Amino acid sequence: MIKLSHITTMSAPLSMVLSPTLRANSVIAITRDGFGLADVLAQKLNALGHMAAVVDMLPPQCDVAILLDAFQPLASQAQAIAINFALFMQFKQIAPYFAETGGRLIAVQDTGGRFALTDTPEHAVWAAGISGLLKTAAQEWPKAHCKMVDLQRADQTVDRLADRLLEEVLQDDTALEVSLLADGRRMVLGVAENSTQRLLPTLSLLSLHDGDVMLVTGGARGVTATCLIALAQQVKLRFVLFGRTALPEETDQFEMAQTEAELQAALLLHYKEQNLKADYLPVDVLDEAALQKAVNGVRERWGPIAGVVHGAGVLADKLITQKTSEQFEMVFNTKVIGLNNLLSVTCKDALKALVLFSSVAGRFGNPGQCDYAMANEVLNKVAQNYQRQHPSCLVKSINWGPWESGMVNAQLKKLFAARGVALIPMAVGAQIFVDALRVSDRQVELVVGGTLTPDAASTLPQTTAYNFSIDQTSHPFLIDHVVKDIPVLPACMVLEWFV
């Protein structure tokens with residue numbers, strides 16, 4: 001059975017157990033932010049006896065790396081999107097050392113303190129790829145302790161923000177995604193499994209109607225095409241498929257297609273055989289001017305745009321240490337710049353539906369896919385924000401697990417089977433896609449299928465040894481916990497460390 005889940009948050013107060021891995025005199029590098037937080041945090045850490053410094057680029061080696069690149073006042077979406085690449089380059093700088101030696105890695109973002117589930121600062125959602133990057137790093141660097149913090153600014157002083165963040169640096173905690181709210185609450189993000197196999201009631205009305213025009217990327221073949229055909233069997237839409245390759249004048253049968261153009265042409269033929277209205281336009285969605293011209297032509301022929309499905313995606317799997325900037329941009333831009341352009345050219349249309357094909361790689365991270373995970377996390381957060389700004393539009397960001405077809409080859413199928421990850425049958429996935437477009441549901445960020453996170457029990461050794469030292473500098477409370485002038489470690493702390 002394919003798991004269906006939704007995003008949820010829960011309260012998670014700190015245990016107040018100081019981290020045993022944060023040694024006295026730790027070397028701590030803090031990248032600059034836009035509010036002066038890095039400087040104040042460094043001062044507080046230095047006052048505790050650590051060696052903290054504010055830097056523009058992380059050094060190749062440090063005990064603790066605190067990234068504040070995404071904690072910025074953002075003037076535009078373009079500036080926010082560029083932060084994702086800057087963060088990737090920061091991670092590449094420390095990747096060899098953290099992969100081999102480990103350390104503490106804390107990345108901070110500014111999406112309102114609730115993972116973009118509620119109001120966020122303007123443009124901030126476009127810089128939200130940091131979470132996917134960190135979750136991928138946590139899997140590629142098992143010796144490292146990674147944490148993403150969504151720090152709510154609100155009307156808090158920089159000193160107060162530094163105190164909240166300092167607690168996260170000093171405390172021992174295994175949470176990967178933490179939010180710190182201005183009212184003092186601490187939350188973590190997770191997924192809650194739906195109680196039934198079917199995502200939505202089957203009798204609920206679809207948000208789209210006969211004759212509505214839908215723009216589609218990535219619909220030339222595979223998963224997206226299968227979903228569109230299933231939707232077309234429910235409602236007679238007019239589909240406009242975007243692709244970068246011109247179609248040949250004559251098409252072969254779908255199963256005989258050899259090139260991308262032939263596959264695209266075969267899909268259109270398949271639509272026409274079912275008496276469905278479809279058009280294919282050879283337009284690169286990364287070219288906003290060309291896309292705008294094409295969409296204007298669609299409006300002249302068929303009328304306003306009613307829906308958008310962004311299913312385009314490419315892969316270039318490499319570990320962070322090996323991934324090139326060109327590979328990153330190819331993967332990341334296809335999804336993020338493509339979505340930005342789609343929303344730009346349809347900003348004056350009253351969209352009824354916006355469906356983004358995200359991935360569990362964004363929700364959980366996945367080794368070798370930091371760029372893909374980052375891009376899909378941006379899609380997730382943009383979807384949340386778009387739904388708030390356009391309440392009459394049904395918005396879904398579907399975090400798909402691996403399908404039986406699409407990008408999953410025979411080798412990947414064996415890998416997923418070994419990790420206990422069930423593949424999504426094509427017919428089941430297509431039905432879930434159709435159900436997600438029913439108006440009875442307003443859950444934006446959905447998870448379909450299992451986690452890509454490796455089974456911890458199969459990857460950890462039977463016993464783990466930790467060697468560390470503490471003193472009154474690293475753990476100042478020991479100053480007041482003294483017997484005959486000798487600092488004494490409370491037994492309850494040792495027990496909590498064991499837990």
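Leaving aside neighbours within four places in sequence, which residues is Phe 242 in contact with? Taking contact as heavy atoms within 4.5 Å, the list is Leu 215, Val 216, Thr 217, Gly 218, Tyr 280, Leu 281, Val 283, Val 285, Leu 291, Ala 294 and Val 295. Keep in mind that this is a predicted model, where local features need pLDDT of at least 70, side-chain atom pairs count only at pLDDT 80 or more, and totals for chains, interfaces and linings use all residues. Residues are numbered from 1 along each chain as its sequence is written, and side-chain values use heavy atoms, with hydrogens and water left out.

**Cores**

- Phe 242 turns up again in the largest nonpolar core, a set of 75 residues where Phe 98, Leu 105, Trp 126, Trp 141 and Phe 242 have the most contacts. (A nonpolar core is a set of buried Ala, Val, Leu, Ile, Met, Phe, Trp, Tyr and Cys residues joined through side-chain atoms within 4.5 Å; buried means under 20% relative accessible area, exposed over 50%, and partly exposed in between, with a 1.4 Å probe and protein chains only.)
- Helix α2 (residues 77-100) is the top contributor to this core, giving 10 residues. (Helices are DSSP runs of H or I, at least four residues, and strands are runs of E, at least two, numbered from the N terminus.)
- A second, separate core holds 36 residues, among them Ala 230, Leu 241, Ala 353 and Ala 430.

**Helices α5 and α8**

- Helix α5 (residues 222-232) is mostly covered, with 9 of its 11 residues buried; these include Cys 227, Leu 228 and Ile 229.
- Helix α8 (residues 325-345) has 21 residues and should span 30 Å, and its end C-alpha atoms are 28 Å apart, which agrees. (The expected span is 1.5 Å times one less than the number of residues.)
- There's still a kink in α8, about 50 degrees and centred on Asn 333. (The bend at a residue is the angle between axes fitted to the seven residues ending there and the seven starting there.)

**Salt bridges**

- The whole structure has 19 salt bridges, each a side-chain nitrogen of Lys or Arg within 4 Å of a carboxyl oxygen of Asp or Glu.
- Arg 388 pairs with Asp 119, closest N and O atoms 3.7 Å apart. Arg 388 sits in helix α10 (residues 370-389) and Asp 119 in the loop between β5 and α3, so the pair ties together parts 269 residues apart in sequence.
- Arg 388 is partly exposed at 27% relative accessibility, while Asp 119 is exposed at 62%.
- Lys 135 bridges to Glu 177 at 3.3 Å, and is buried at 2% relative accessibility; Glu 177 is buried too, at 6%.
- Lys 135 also meets Glu 377 at 3.4 Å, N to O, linking helix α3 to helix α10 across 242 residues.
- Shared partners join Lys 135, Glu 177, Arg 363, Glu 377, Lys 381 and Glu 445 into one network.

**Aromatic pairs**

- The search turns up 11 aromatic pairs. (Rings of Phe, Tyr and Trp, its six-membered ring, pair if their centres lie within 6.5 Å; planes under 30 degrees apart count as stacked, over 60 as edge-to-face and the rest as tilted.)
- Phe 85 and Phe 88 make a tilted pair, 6.2 Å centre to centre with 45 degrees between the planes; both lie in helix α2, about one turn apart.
- Phe 88 is buried at 0% relative accessible area, and its ring is stacked with that of Phe 328, with centres 4.5 Å apart and planes at 15 degrees.
- Ring pairs link Phe 85, Phe 88, Phe 328 and Phe 332 into a cluster.
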